[in-house]
Amino acid sequence: MLGITPNSVLFAHKTLDDSQSRSNITSEQGGSPEVDPELDALRHLVSRTKGFYARDYSLWLGWNNMRYIIETAVLHGRILNRTTIIPSYVYARACEFDSSVCAAYATMVNRGDATGKDEWRQLPVEKQMAWRIPVSLMFDLTHLRETHAVITVSDYLRLHNISVDVETTNGRWDTDLYHRGVNIFSDSKVEPSLYVIKNEWYDAGVIRVDQLPQTMRERGGWNITHGQVGSWAIAEKTPLSKALHDAMTSGASVLDWDTVLVVVGDNNDPIETESSSTSAGGIASALEENGWEVLYTYGGVCGSDATKDVVVPIREAAPRNLLRGLYEDFGFIEQDVVLLRGEVHSGRKPGALKFTTLESRERYTQTVLYDFRLTDNVIELADQLSNRMVEKAGGRMWMGAHMRRGDFATLKWAMEPSFKAHLARVKRHLRDGRDILQFVHRGPLYTYKVPPGQADRTPLLLDPPADHDPFYIATDERDPTNLTYLRSQGAVLISDLLTIDDRRTFGWSLMLTDVLSVVEQATLAHAAYFYAHAYSSVAGGVVNLRASHGADPRTALLEI
């Protein structure tokens, strides 16, 4: 394992003055600066790849959406064999105490000024504030680097002797300032070159996939035009290909697998599974012979892509002539930095592409569930909080829910308009959950269809919840009257579980709601039963954590 510290702000860096730099950006030319061991480790990390992969990051979004975007960027970097560059910091959106307390530990900024967004301008000034915190506080960057080449923007800047002060506050890649330095490990004085993937090139009019396997290229007559870029031979129209096209809904580019089964039929292999789908005589072969291909992606636990969870693997079918591989289109680029302009987050499956093989999808599932690991202090605190909930429940299983209010209530996205009606809805589903746990407790246990698929045996070891057991609620509700009502109805909040020692051991960042929310997600991953609104990105993060812990799929409900 590389000896790289996860917190980039710990790396020694000296801001350059006017006499040392051109336009205050790069160090004076001539003579190699003394390099610290951390930068040398980063150099070795980068040297194993072809160059850098950069993105425009939407830093105005909350952490869970940012995490999904970073997961996608890491996938793209791996496909292109490039070192992925991620933001050095993210913005925590609220402080649990007076804002001046958090400002003593993290830089406080106006969110609108920092990100260029106006959606908070109408709020009181104190509600417009955010706190800039290292991204490594949100997940274990050291662990991720064991399997993926990932550096932060500040790492990239220091590797090119550029002041970290020029990192943009809105997450956008600066094509000018970021390219004025030179690699401190190279004798060349050439500034890093850049290739920009325009946003409209990404998947407009095509289906973006990871890579085109050689066998697919051969059967589809893939004609290379330059580099690896090419086009498909014109496929002969057949009765089956026409029937598949006719079955597509207006505006769709893929067919769901149930429709494929109806249109194609499978008389040869009625119990076909994903792992057997490439066998001769199966549906996959029929599709391939008629100009279509099987794609591998995710369905979402509630049938929605909003949660970005990776625990429901599915297949789809698509016309071969629409497929374009990320590797084929951009893997041949020789420039030092490949930049994907704009955002490709909304309205797309996890990874912002689909996979052409079962193995490549499973590798991404592993990345999300196991390579992106929570920090040790989050894991340890969540374990303690879960144990305290077991104690509060009399040694029995405990249930939990995420109750999104805040901006959802303002935007009328909450599950119920009134707070009391919303809580009543939550309690109704938790009662159903208690009944489900009665069945789960008897066994056998099941797991999500993810590797390694080892079931958590806790539901067999603890008794199911009793009728009036307390339950855990994670919420962004801050109205004292509503919080008092929650507790009167049997809810336990994180503030009821945390101790002074917890806060001292964890550190100052627990004062920030975004960090506290990660702790709550990790705690809810241990709940015997979990309920949430599917449109909140928090819910998808909890489900992914539960799947990695071996939870039974029957013990979670995300309601649309």
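Author: Happy to! Lys-117 sits over the face of Trp-60, 4.2 Å from the ring centre; a charge counts this way if NZ of Lys or CZ of Arg is within 6 Å of the ring centre and within 35 degrees of the ring normal. Arg-43 does likewise over Phe-185, at 4.8 Å.

This is a predicted model, where local features need pLDDT of at least 70 and side-chain atom pairs pLDDT 80 or more, while totals for chains, interfaces and linings use all residues. Residues are numbered from 1 along each chain as its sequence is written, and side-chain values use heavy atoms, leaving out hydrogens and water.

Now for salt bridges (a side-chain nitrogen of Lys or Arg within 4 Å of a carboxyl oxygen of Asp or Glu). The count comes to 32. In one of them, Arg-67 meets Glu-71 at 2.7 Å, N to O. These two are four residues apart in helix H2 (residues 63-79), so about one helical turn separates them; helices (H or I, at least four residues) and strands (E, at least two) are DSSP runs, numbered from the N terminus. Arg-67 and Glu-71 are both buried, where buried means under 20% relative accessible area, exposed over 50% and partly exposed in between (1.4 Å probe, protein chains only).

Another bridge joins Arg-363 to Asp-371, with the closest N and O atoms 3.1 Å apart. Here Arg-363 is partly exposed at 22%, whereas Asp-371 is buried at 5%. Salt bridges with shared partners also join Arg-219, Glu-288, Glu-293 and Arg-320 into one network.
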